[in-house]
Amino acid sequence: MTSLLILSRRFMFATVNITNNRLTLFQGKGNLLWLPYRRTFHKCCGERGLFGGGRDNAQKQQTLEDIAKSIRERECKRVVVMAGAGISTPSGIPDFRSPGSGLYDNLQQYNLPYAEAIFEINYFHHNPKPFFALAKELYPGNYLPNLTHYFIRLLHDKGQLLRMYTQNIDGLERMAGIPPKMLVEAHGTFATATCTVCRRDYKGEELHSDIMAGTVPNCPHCKGVIKPDIVFFGEELPQHFFLYLTDFPMADLLIVMGTSLEVEPFASLAGAVRGSVPRLLINRDLVGPFAWGPPRKNDVAEIGDVVSGVKKLAEALGWMPELEALMAAQGQQVSRVKSYW
Ligand SMILES: [Zn+2]
């Protein structure tokens with residue numbers, strides 16, 4: 001933990017890759033350094049990962065109802081939520097890597113060397129068109145938030161959300177009305193953009209007409225390509241990401257939903273809360289520290305359909321009438337203002 005804090009201060013804009021037991025920090029184009037890395041395993045709490053963890057003091061195995069009670073009775077007022085693609089698929093967001101999905105087929109015309117090249121910065125500089133085809137698909141208005149996004153919004157409305165960390169770039173969290181300051185969009189956002197040449201800042205909506213027309217947006221000042229602030233492979237993490245340094249030690253509940261917890265450094269955040277803090281996984285499969293070794297007594301896993309799992313929690317909280325009212329009200333607002341950004 002200590003060494004990571006020092007590294008984080010020094011390499012504020014570094015990205016971390018972990019391959020072959022080697023942790024590599026990248027900054028800009030350069031490979032800054034690498035460190036030998038092995039997932040640690042603490043016998044006391046079954047904790048693994050980059051950020052370590054604490055001792056598990058709970059006496060009895062916690063349940064979903066216990067977690068609901070602690071939220072309802074406001075024992076938990078600093079909830080951190082981590083979410084991935086599994087909360088977006090119920091909104092119909094396609095997986096662009098899946099053959100047969102319209103988006104994947106659409107991208108084939110660009111002769112990408114492989115699907116992930118669409119998010120590689122060097123490939124983007126070579127050919128930005130496939131990325132903008134994806135951007136057109138994901139721009140606000142094509143998809144709507146679902147119950148999972150609104151549940152997190154309700155948690156915020158009740159003053160119990162400390163922060164939401166999302167891997168998604170579809171902007172559905174913002175459309176559900178979660179304020180940007182409550183979000184860490186770990187893989188970036190379409191809401192803002194930057195000129196790749198002169199680094200001028202732009203608002204996402206300034207690119208809207210170009211993207212909808214299938215045109216690559218150019219900077220009026222220098223004619224450089226304007227790139228939405230999505231984090232590409234080989235690019236620095238958003239500075240906002242480092243809020244985890246204060247958020248996770250302060251959290252009194254962690255909810256992890258719809259993520260495979262496979263992409264670092266996002267994945268290891270699940271181990272960054274204190275050992276006494278309950279962690280709730282709502283996911284199709286057991287993942288990350290929930291799948292490794294002996295579980296913490298205050299870990300709870302609700303395995304299955306993510307929307308059903310969140311709904312079950314909302315029902316246990318007695319929040320469903322409020323949640324449905326919020327979805328109806330915000331849903332009307334979203335459809336009135338197609339671009340909620
Ligand atoms: Zn420019």
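Met257 sits in strand S12. The model is a predicted one, and the questions below start from this residue.

Visitor: Is Met257 buried or exposed?
Guide: A residue counts as buried when its relative accessible area is under 20%. Met257 has 0% relative accessibility, so by that cut-off Met257 is buried.

Visitor: Which residues does Met257 contact, leaving aside its neighbours within four places in sequence?
Guide: Contact here means heavy atoms within 4.5 Å. Leaving aside neighbours within four places in sequence, the partners of Met257 are Val81, Met82, Ala83, Gly84, Ile87, Thr148, Ile152, Ile282, Asn283, Val306 and Val310.

Visitor: How far apart in space are Met257 and Glu302, C-alpha to C-alpha?
Guide: Along the sequence, 45 residues separate Met257 and Glu302. In space, their C-alpha atoms are apart by 9.5 Å.

Visitor: In what order do the 6 strands of the open sheet with parallel pairing run?
Guide: Let's begin at the edges: S8 and strand S14 (299-303) each pair on one side only. Inside the sheet, S12 (residues 253-257) and S13 (residues 279-283) pair in the parallel sense over 4 bridges, with Val256 bridged to Leu281 of S13. Reading across, the order is S8-S7-S6-S12-S13-S14.

Visitor: Which strands of the sheet does helix H10 touch?
Guide: Helix H10 (residues 306-317) packs on the sheet, and its direction makes about 140° with that of S13. The strands touched by H10 are S12, S13 and S14.

Visitor: How many residues of H6 are buried?
Guide: Helix H6 (residues 147-157) also packs on this sheet, touching strand S6 (79-83), strand S7 (161-166) and S12. The buried residues of H6 include Thr148 and Ile152, and both of these are in contact with Met257. H6 is mostly covered, and the buried count, out of 11 residues, is 9.

Visitor: Where does Ile71 lie, and what is its relative accessible area?
Guide: Ile71 lies in helix H2 (residues 64-72). Setting aside neighbours within four places in sequence, Ile71 is in contact with Cys76, Leu155, Gln160, Leu253, Leu317 and Trp319. Ile71 counts as buried because its relative accessible area is 0%.

Visitor: Which helix packs on the open sheet of 3 strands?
Guide: This sheet has the order S10-S9-S11 with antiparallel pairing, and its neighbouring strands are turned by 40° against each other on average, direction ignored. S9 and S11 pair over 4 bridges, and Gly188 has Ile230 in S11 as its bridge partner. The helix packing here touches S9 and S11, with its direction at about 60° to that of S11, and is H5 (residues 129-138).

Visitor: Which element gives the most to the lining of the second largest pocket?
Guide: The pocket holds about 800 Å³ of space, and its lining has 30 residues, with Arg199, Lys227, Asp229, Glu235 and Glu236 nearest its centre. Helix H4 (121-126), strand S8 (183-185), strand S9 (188-195) and strand S11 (226-230) each give two or more residues. The top contributor, with 4 residues, is S9.

Visitor: How many charged residues are in the lining of the second largest pocket?
Guide: By class, the lining has 9 nonpolar and 11 polar residues. The charged residues number 10.

Definitions and conventions
Residues numbered from 1 in each chain as written. Predicted model: local features only at pLDDT ≥ 70, side-chain atom pairs only at ≥ 80, totals over all residues. Heavy atoms only, no water. 1 Å grid on protein atoms, 1.4 Å probe; cavity = no way out; pocket = protein on both sides within 12 Å on 5 of 7 lines; lining within 4 Å. Points joined across faces, edges and corners; volume = space filled by probe spheres on them. Nonpolar A, V, L, I, M, F, W, Y, C, P; charged D, E, K, R; others polar. Pairing = 2+ DSSP bridges. Axes fitted to C-alpha atoms, helices over the stretch in contact; angles between N-to-C directions. Buried < 20%, exposed > 50% of the residue type's maximum accessible area, 1.4 Å probe, protein only.
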